[in-house]
Amino acid sequence: MVKESFIKELAKILGRENVLSARKDLLAYSYDSTPERGMPEVIVFPRSTAQVSAVMKAVHREKIPVVPRGAGTNLSGGTIPTSGGVVLELSRMNRILEIDSANRRATVEPGVVNLDLQNALAPLGFVFPPDPASQKSSTLGGNVGENAGGPHCLKYGVTSKYVCGMEIVLADGEIVELGGSAEDTPGYDLRALLIGAEGILGIVTRLVLNIVPLPETSWILLAVFETLEDASQAVSDIISAGIIPGALELMDKTSCWVIEQSISAGYPTDAEGVLLIELEGLGDSLDRQAKDISEICRKNKMRELRLAKTTDEKAVLWQGRRGFFGAVARICPQYVVMDGTVPRNMIVPALRKVGEVAEKYKVTIANVAHAGDGNLHPLILFDVNSEKEKKAAKEAGKVILKVCLDMGGTLTGEHGIGLEKLPTMKAMFRPADLAAMHRVKSVFDPDSILNPGKLLPPEEDGPHHEEKEAPA
Amino acid sequence: MDKTASPEQPALGPRLAGIVGPENVATDRQVTKTYEVDGLVPAAVVFAANTEQVSQIVKAGNESGASIIPWGSGSKQAVGPCLSSADIVLCLKPMNRIIELNTGNFSVEIGAGLSNAALQKQMGEHRLLFPLDPLYLETSTIGGELATNASGPRRAAYGTARDIVLGITAVTPTGDIIHTGGRTMKNVAGIDLCKLYIGSWGTLGIITEAVLRLFPLPEVSRSLCLTFAGIEDAFRLVARLLISPLTPGSVELIDGVAGRNSAPIGDSPLAEDEVRLLIDISGNREEVERHLKEISAMAGANQVRHIATLEGEAATRAWNAYRGAHQAVLSAAPSAFQGKASVPLSRQADMFKAIKEIGQKYRVPTGIRGHCYNGILYPYVVAGDDHAVSIIGDLKKAAADLGGFFIVESAPLPVRKSAGALPRRSDRALMKRLKTEFDPNNILNPGKLGEGAD
């Protein structure tokens with residue numbers, strides 16, 4: 001319980017204008033896109049590492065829970081303050097401190113929005129490859145906390161590949177540097193622990209990121225298929241032919257329809273499967289890549305192929321895919337989005353299973369997928385006023401995750417465990433695996449004040465999932 | 001601080017034999033002597049055939065307080081900080097199976113004792129590439145390479161182990177078997193212990209199996225061999241490349257001193273005051289042609305002395321000679337040592353010059369090899385032991401002044417003992433706490449974290 005005197009102490013550290021505790025403000029930080037809710041007791045907006053450290057020293061003394069937060073777009077309930085306490089909002093630490101293209105590094109504060117960095121880099125001919133669909137609003141600190149992906153991670157890899165150094169504040173307020181601008185810092189790769197840890201190990205206050213030159217040329221192919229199966233088979237065939245496009249996105253008929261309702265990206269609304277394929281590289285090499293890919297698509301009964309080469313055409317095609325989640329929310333504000341990921345050669349059977357689950361649970365599922373990576377994003381739509389539908393949607397989501405695990409996959413490719421998938425962790429990890437994660441947690445945050453109740457199921461939490469065999 | 005290897009624990013030998021069979025335990029000093037590391041001769045060498053055996057051996061070590069040194073091919077054992085104790089060498093060489101190759105997913109699951117060369121060869125038959133290519137890949141095991149975060153020229157295009165490893169099975173210092181990561185390209189479930197194990201030098205656990213990413217073999221490969229009179233010209237070319245949309249596979253540098261004991265690197269001799277860039281260009285035909293044309297033009301604009309385009313056998317020979325230079329220069333001078341300087345990309349020329357100046361100050365020849373796309377230079381210092389510690393001090397200072405660091409890798413034991421500690425940084429306390437939490441009895445590779453303050 002946060003006392004009035006403590007809020008005053010926070011105001012003294014940060015200035016009164018950087019501390020919110022009115023009920024209407026607290027409400028605004030009590031939710032995200034998941035159906036979960038939790039009320040914080042105070043919101044703080046630090047503007048410097050020193051302020052983050054001072055806040056952490058105070059909360060550490062009082063053992064008050066803290067939820068570090070960027071833009072809250074994680075899609076897994078990771079920033080919902082389920083234990084009350086403090087929401088530490090980093091969006092005002094949003095300065096790009098340095099862009100050093102000769103060294104291929106950018107140094108930023110955690111609150112910088114992903115797209116703002118991209119916009120600063122583009123005129124210099126550079127890009128920060130991780131490009132989550134939420135890049136218009138999601139922050140780089142959040143991207144690191146979630147180890148965010150995005151369409152271009154197919155070719156370039158996820159956020160973890162692009163974090164060279166970081167400054168973090170530990171639960172007790174200590175400031176620590178991990179890595180740096182130079183590569184291969186000796187000792188343990190502690191960055192790796194922080195990246196994707198959803199704020200349970202420390203708070204990132206500065207990042208040194210790797211940036212790379214923009215590709216010389218990029219084209220987009222939009223390949224249209226009569227069935228989802230043909231489209232996903234084409235994905236599988238492209239990957240196994242050894243072609244690595246910049247991005248390889250799949251959308252089903254429902255998704256295309258939803259997108260066209262609000263964005264007009266020019267997607268067909270009568271085809272069951274559409275692939276958005278970005279080719280990138282030297283101009284000289286794209287012709288043949290395009291030819292090889294369209295040949296594979298034709299073998300899989302492609303109905304239509306469009307090629308976009310101009311900046312405007314390409315932007316419109318990307319706008320559709322990137323605006324998908326927003327477009328869904330306009331039509332159906334409540335949905336469950338799953339993020340299970342399967343080995344790349346399992347994309348066809350995985351999508352088939354998702355279709356079967358939709359039928360069995362009588363729910364509407366809109367599928368998009370970072371298909372080249374085997375990363376599914378089935379959106380299970382439901383009416384918020386119908387308890388029955390909500391229950392069916394949640395149930396269907398669980399079954400889909402089980403399907404992914406059975407195929408040798410994972411619970412989440414980029415959205416995180418957060419709150420939403422906590423109950424499924426024991427289906428994926430054995431007690432010893434989780435115990436090792438808890439050891440790490442206890443080193444970084446022995447009092448468990450950082451984002452408690454997220455990512456890691458509590459240690460003594462009854463028997464493990466019966467579907468997982470006991471270790472030998 | 002260093003204690004000598006403790007005598008064999010009476011109950012331990014039979015217990016180890018009970019786990020792996022007596023034929024897989026050696027206590028005869030003639031055998032154990034060949035596993036001497038940092039001046040310590042282990043009391044026993046044990047060969048494990050599976051993860052379960054590793055777990056039981058580690059549990060036995062914990063119960064008897066015997067330190068355990070995980071061992072692959074041994075190629076990195078004399079690198080980095082020194083061990084403080086070595087009772088049992090635990091060799092994973094027998095765990096050398098390909099457990100599952102999934103060509104459709106571009107992944108392979110292997111036992112940690114598999115050698116890199118054996119994996120490369122088998123993957124090549126499927127037209128697949130495992131991109132990790134550290135120096136000793138002919139003998140080194142994948143487990144050892146991951147544990148030491150070893151990398152090679154291809155890191156310019158494919159990254160390091162942390163970008164290539166999808167999953168790891170490990171035995172913790174208390175004997176628990178844990179599975180981290182998985183087999184998917186993306187995976188953010190839980191804390192990423194997988195990457196923690198990469199580069200932890202066997203101090204947090206023993207990697208027993210791993211799932212690795214594979215890539216399609218490129219359609220065409222060529223190598224450009226560019227010789228320069230001056231370092232400035234070579235690094236100006238590198239700087240141009242780094243901001244261009246070209247994507248070379250590797251960009252390596254070697255100078256005449258580092259190359260003087262090896263077979264010819266390329267088609268022409270390399271004078272002691274020259275430097276050579278060896279650039280791999282791989283991809284489809286059109287891409288490779290463009291790269292050759294543009295990089296040659298850039299080289300021409302930067303006073304290149306000699307340009308050669310190599311392919312096939314000639315390219316392989318050049319790369320083998322390049323890789324062999326490391327051992328050749330160290331073998332030629334027993335008192336030589338090699339370290340690693342990592343600096344921001346744009347400071348590589350400055351670091352290069354600093355190394356040469358330090359060499360001149362102490363009147364010792366210095367050779368340099370490096371990964372130019374990663375800001376990493378490997379100085380070879382042909383120095384008597386009496387100067388080594390001062391030289392290392394100067395190198396550390398020079399690298400730190402340029403925003404990077406320098407560490408000692410291969411060096412005579414006395415040099416590593418007196419100058420092998422890792423840089424003092426604000427994250428060291430966290431590392432020590434992790435080590436203590438994972439390994440409360442300090443039995444796995446004690447000392448290897450470089451606990452000694454600098």
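This is a predicted model: local features need pLDDT of at least 70, side-chain atom pairs count only at pLDDT 80 or more; totals for chains, interfaces and linings use all residues.
I'll start with the interface.

Helix α8 of chain A covers residues 228-240, and helix α10 of chain A covers residues 283-299. Their axes come within 9 Å and cross at roughly 140 degrees. At that angle, α8(A) and α10(A) are therefore oblique to each other. The crossing of α8(A) past α10(A) is right-handed. Which residues make the contact? From α8(A) they are A:Ala234, A:Asp237 and A:Ile238, and from α10(A) they are A:Ile293, A:Ile296 and A:Cys297. By class, that contact has five nonpolar residues, no polar ones and one charged.

Now the sheets, beginning with chain A. Four strands there form an open sheet, in the order β1-β2-β4-β3, with mixed pairing. The edges are β1 (19-20) and β3 (66-69) of chain A, each of which pairs on one side only. Strand β3(A) pairs with β4(A), residues 86-89, in the parallel sense over four bridges. Within β4(A), the residue opposite A:Pro68 is A:Leu88.

On to chain B, and strand β2, residues 44-47. Which way do its side chains point, and are they buried or exposed? B:Ala44 and B:Val46 point one way, B:Val45 and B:Phe47 point the other way, and all are buried. Strand β2(B) is joined to β1(B), residues 25-26, by two bridges, and these two run antiparallel. Here B:Ala26 stands opposite B:Val45. Strand β2(B) is also joined to β4(B), residues 88-91, by four bridges, and that pair runs parallel. In β4(B), B:Leu90 is the bridge partner of B:Val46.

Chain B also has an open sheet of five strands, in the order β5-β6-β10-β8-β9, with antiparallel pairing. Strands β5 (98-102) and β9 (177-181) of chain B stand at the edges with a single partner strand each, so one side of each has no neighbour in the sheet. From one strand to the next, the twist averages 10 degrees. The partner of β5(B) is β6(B), residues 107-111, and four bridges join the two in an antiparallel run. One of the pairs is B:Asn102 with B:Ser107 in β6(B).

Last, a single residue. B:Ser221 is found in strand β12 of chain B, residues 220-228. How is B:Ser221 classed, buried, exposed or partly exposed? B:Ser221 has 17 other C-beta atoms within 10 Å; buried would need 20 or more and exposed 12 or fewer, so B:Ser221 is partly exposed. Leaving aside residues up to four places away in sequence, B:Ser221 touches B:Asp280 and B:Ser282. B:Ile281 is 60 residues from B:Ser221 in sequence, yet their C-alpha atoms are 5.7 Å apart in space.

Notes:
Residues are numbered from 1 along each chain as its sequence is written. Chains are lettered from A and ligands numbered from 1 in the order in which they are written. Axes are lines fitted to C-alpha atoms, for helices over the stretch in contact, and angles run from 0 to 180 degrees between N-to-C directions. Angles under 35 degrees count as roughly parallel, over 145 as roughly antiparallel, 65 to 115 as roughly perpendicular and the rest as oblique. A crossing is left-handed if the near helix is turned anticlockwise from the far one by less than a right angle, and right-handed if clockwise. Two residues are in contact if their C-beta atoms, placed from the backbone, lie within 7 Å. Ala, Val, Leu, Ile, Met, Phe, Trp, Tyr, Cys and Pro count as nonpolar, Asp, Glu, Lys and Arg as charged, and the others, Gly among them, as polar. Two strands pair if DSSP finds at least two bridges between them.
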